[in-house]
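Me: I have just opened this model and would like a friendly tour. Could you take me through it one question at a time?

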Amino acid sequence: MRYMTKYIRKYGVLFTFSILLVSGEAFVDLLQPTIMARIVDEGVASRDMDIVLRLGGWMLFITAIGAICASGRNIVSSWVSQRFGSELREELFEKIQRLSFAQIDRFDRASLVTRLTNDVTQVQNFVNGMMRVFVKAPLLGIGGIIMAFRLNPYLSLVLVVVIPIVGLLIVMNMRVGFPLFLKVQMALDKLNSAMREYLSGVRVVKAFNRFDYEVDKFNDINEQYEKRSIHTQRLMALFSPGVTFAMNVGIVAVIWLGGIRVNGGNMQVGHIIAFVNYMTQILFSLTTMTMITNMFVRAKASTGRITEVLAEQDGMDTKAAAENSSVSKRRELHGAIEFDQVSFSYEGADGEPALKTISFRCEPGETVAIIGSTGSGKSSLIHLIPRFYDATSGVLRIDGVDVKEMDTEELRDRIALVPQQSILFTGKVADNIRIGKPDATEEEIEEAAVMASAHDFISKMPEGYSTLLGQGGVNFSGGQKQRVSIARALIRKPDILLLDDCTSALDSKTEASIKQAIRQFARQTTTLLVAQRISSVRDADKIIVLDDGEIVGSGTHDELMVRCSVYQEIYRSQTGKEAGSHAG
Amino acid sequence: MQDERNSKSKGPEAGQGAAPPDQDRIQLAPGRPGMNRGAVQKPKNFKGTLLRLWSYMGDERKRLMIVFLFILAGTGVVLLGPYLIGRAIDAMTIDNQVNFNLLHTVLLVLLGAYVIDASFNLVQGWMMAGISQRIVSRLRKTLFSKLQKLPLVYFDTRRHGELMSRLSNDIDNVSTSVSQTAAQLMSGGIMLIGSLIMMLVLSPLLTLASLITVPLVYLLARTVTRRTKQLFKAQQAELGKLNGQMEETVSGFLAVKAFNYERTAITEFQGVNEQLRKVSTRAQIWSGFMMPLLAVISNLGFAAVAIAGGIMAVKGMITVGVIASFLSYSRQFVRPLNDLANVYNVLQSGIAGAERVFEVLDEQEEENDPPGAVELVNPRGKVEFQGVRFGYRSDSPIVQNMSFTAEAGSSTALVGPTGAGKTTVINLLARFYDVSGGSISIDGIDIRNYTRDSLRRSFGIVLQDTYLFSGTVKENMKYGKPDASDEEVKTAARMAGAEGFIRRLPQQYDTPLTENGGNLSQGQRQLLAIARAMLANPSILILDEATSSIDTRTELKIQEAMLKMMEGRTSFVIAHRLSTIQNADTIIVIDRGQIVEQGSHDELMRGAGVYADMHRSLSV
């Protein structure tokens, strides 16, 4: 709740004001039956038209006040809750932007999106409700009870009996209902995941002809969900009529007891009418409160999920000490990378570390290639350089400065990464390339696209560089996306270029021409390149062979062909030729 | 961390059993649909869909009618309440002394009415729970079975999220509208008409006084809905934009971080967020006026009845009891008025949901096997493409004029640049898609003349993106051959080179895999998929980039096994790697959906065609 206090401080006054207005509304509702009783008892009973008209006038007057209160609080509560929701969402969004990869991995991305959307809405609705019916209902309930007692303590005996019964029913409803709903929810989750799985695997299902099996599986899950839902809903169906019935019996009792009192001359009929009205109001407030509790439970869970994110420490010390960053600014920067005994393991992974005491140097302007089998730690290594993750031990230096002492933003500005999976954003192709260099001119964009062999296909599209990419680039083929993603990196003219196996969807010809372009362009740029194909790495200045997170060989292609058995194996597997026959 | 998005349809209303008689329920409604659903979704054909839903309910219809009878009777009984209370009051006031005989009789009837009301509500809630859940369960079942019959093109051209939402959200909407709104709509309508009748019977003059609320309600509803309709639409649009932006930024976290894109992303977010806030605030304010002002109108009606009733009572035109009855009726009269508007909206979105479900049900299915279709049993496996043409749309063919023959037992490699149409060829062969022109035959018979079932059973397909299901390793391997013995499973795993890593898994073959095998590496998943295909022991083998994610060393280790698997089987291989390709009997080079070259590796290398060129540029 700590994170909500600033909103309370900010909107506290308006919030209170809105609650005051709601109280006004409730007060009007509460006053009416009493005035009504007086109309009947004083006006009608004594056949005095003046009293009827005077009290009627009062009634209209307070109704008007109620209208003003209602309109006022509607505007205030809408304004406050929407502003609160949008600010909370923004705070959360900004926070997420500051999280580190390790934190994001821990939260799971889908869940972060849910928190941004559903959870914020949930809390916002609750706040909005608080300024409306949530406050009004208890006020009406308590006020109704007080007014009823003041009006006629004797008849209130009925309330003393009925309200605890109703309260008990409501508590039981929640006690029984909550665990049941959890179960239904679990069954629903299962149903949804079965469905999702089917949709993703539909090709395999078709390929293996397993329709009956899939249908059976789904029907089982579906049936279970059906059973649980019916069971739960039926149980719940018991309570609501129970509450209403208890209150209704109360009404009968009030009239009966009232009749006895009226007969003894101790009470007037108007009181009975008013009392019945109050009872209806109390009933309304009780049932509404059940609903509020339900909403509260959900809002509380949502608040928990939101604050869990907000409570995270900012990912990394992105702003290092100022003097350090000024140190790095003063220097002539060229992009020398040095791994010094670097080890790294992922948070929570208790197995082997992903990288084990890696040491190598990469001089400015050099092209260093990293090759190795799947899961050998190539991507992990690349991700340490822009500080997506920090080394568990050892030091990673760029131009002689420990990356942990650099300003992360500045560091990343000097690096361009082409990730393994191309991530593009909704918008124009040009804008996607421009992400690499926000102030890029159209010529620069085109130049980058030419280098990435993307210009041809982009300019062939009807709208050229203004072609809109769908979410995740659905309307582009894998190879096209990779090329746009490469162009986005090249336009940066970075000191360090990181290519993470980014040509997998490209045919060899396209790959070769991109490589050629990069080679020319990257004379000044330190290039670190991850690949699986020997052909992609063979003309690098240095090749590092990774196996199980360790460096098992480094050197030029020719050196490795002589020295490194793992490299020879890879070579053999890709060419079908013996290493010896080709070396030299 | 469970994905909570699907839970939103289980709102407070589910916890409530029957609808609570609160006046302010509508205020909760705008928020309830969560972030992704529209405020009110309009069905295209309300009546038609409703009728279809009705006819769809089958046996439940009878039960539903019974429930409606209960609602009808229950509401009628409730309507008696205020009247009886009025009579009870009269029993105390007429003759200035209490007529206990009359009072007791009236109260007993009242009590009886309440008992009936409660028990009817109970029965109705009980039955309704069963009916609505059975209906949606059946709907879900039908929809899922339908998905089995839809052609692959359907799934390829639609987003999964949207299909998911049809199966969960839309069906839930149907459930809600059946179980709750239908009941509310009925009881509300009866309540409205009933109250009016009772009031008219009691005192036409006083009815006139309380009816002053009607034009006010109408005016209010019209003013409000006219604004909110537009505003909610705009709100939905902004919401969609915002959701898209958020989702993209979070899932593209890597690119955001790598390019220091955070600030731009935040600025963009702020813009849309602010836009949304403005629209939402206005929408909220306008729709928020509805309830409190209705309450005020209701109070006004109360006051009108009190004053007019007071005057009439003073003049002796009516009894005090009539005022008492009237006060209740006038409240009951206004409440359904606003309830109905709200409920109608919920009903509409329910019908719109049903419409989207029916849309799927109406999709064209994979064509049935033609009469006289033959079972394809142990084919020799000669495959022939004759002038094959295919395109989603007729004007832009993806594959055209494609002819080649793959002899039984031979291996064919498909080579070509990205997007050349290699995968489409495979999809056509397995009849995932049907050709638009020309023909494909196996052992001399057009594949459309085989039963689809037997055709696909003859294929072993290992795809580019391997898909594994949640279940154990063994279950996944047996997917293509459910009756395989443990021994067969192990042999297949060994042949595919998957045995090593399976042994290292915590529970070996019984290790459960998470959805899509998330706890295995991409390479391991590929190995499992290959083992799965091996186990099925097909006559024709299709390997679509099957080894693209396996590193070359591992690939080398299973290459032999693959060759062994390909032995004696007609096989089709798509690969980028030359080492995989050059051993094939025939290499077919495809570009822009057409064959540009075909022949063996040596033949093609002798020439100076695309293949030779490609090979040289790639070769080390």
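Reply: Happy to. Let's begin with a pair of helices: α1(A) crosses α2(A) in a left-handed manner. Keep in mind that this is a predicted model.

Me: How are α1(A) and α2(A) oriented to each other, roughly parallel or roughly antiparallel?

Reply: In chain A, helix α1 covers residues 5-44 and helix α2 covers residues 49-98. Their axes lie 8 Å apart, and the angle between them is about 160°. An angle over 145 degrees counts as roughly antiparallel. The two helices, α1(A) and α2(A), are therefore roughly antiparallel.

Me: Let's move to chain B. What does its secondary structure come to?

Reply: Chain B has 620 residues, of which 53% are buried. Its secondary structure comprises twelve strands and 22 helices.

Me: What is the order of the strands in the open sheet of four strands in chain B?

Reply: Let's build it from the pairs. β1(B) is joined to β2(B) by five bridges, running antiparallel, and β1(B) also pairs with β4(B) in the antiparallel sense over five bridges. Strand β4(B) is in turn joined to β5(B) by two bridges, again antiparallel. Put together, the order in chain B is β2-β1-β4-β5.

Me: Which strands of that sheet in chain B stand at the edges?

Reply: A strand at the edge has a single partner strand, so one side of it is left without a neighbour in the sheet. In chain B that applies to β2 (399-406) and β5 (445-446).

Me: Which helix packs on the sheet in chain B?

Reply: The helix in question spans residues 422-429 of chain B and touches β1, β2 and β4. Its direction makes about 115° with that of β1(B). This helix is α13 of chain B.

Notes
Residues are numbered from 1 along each chain as its sequence is written. Chains are lettered from A and ligands numbered from 1 in the order in which they are written. This is a predicted model: local features need pLDDT of at least 70, side-chain atom pairs count only at pLDDT 80 or more; totals for chains, interfaces and linings use all residues. Two strands pair if DSSP finds at least two bridges between them. Two residues are in contact if their C-beta atoms, placed from the backbone, lie within 7 Å. Axes are lines fitted to C-alpha atoms, for helices over the stretch in contact, and angles run from 0 to 180 degrees between N-to-C directions. A residue is buried if 20 or more other C-beta atoms lie within 10 Å of its own, exposed if 12 or fewer, and partly exposed in between; C-beta atoms are placed from the backbone. Angles under 35 degrees count as roughly parallel, over 145 as roughly antiparallel, 65 to 115 as roughly perpendicular and the rest as oblique. A crossing is left-handed if the near helix is turned anticlockwise from the far one by less than a right angle, and right-handed if clockwise.
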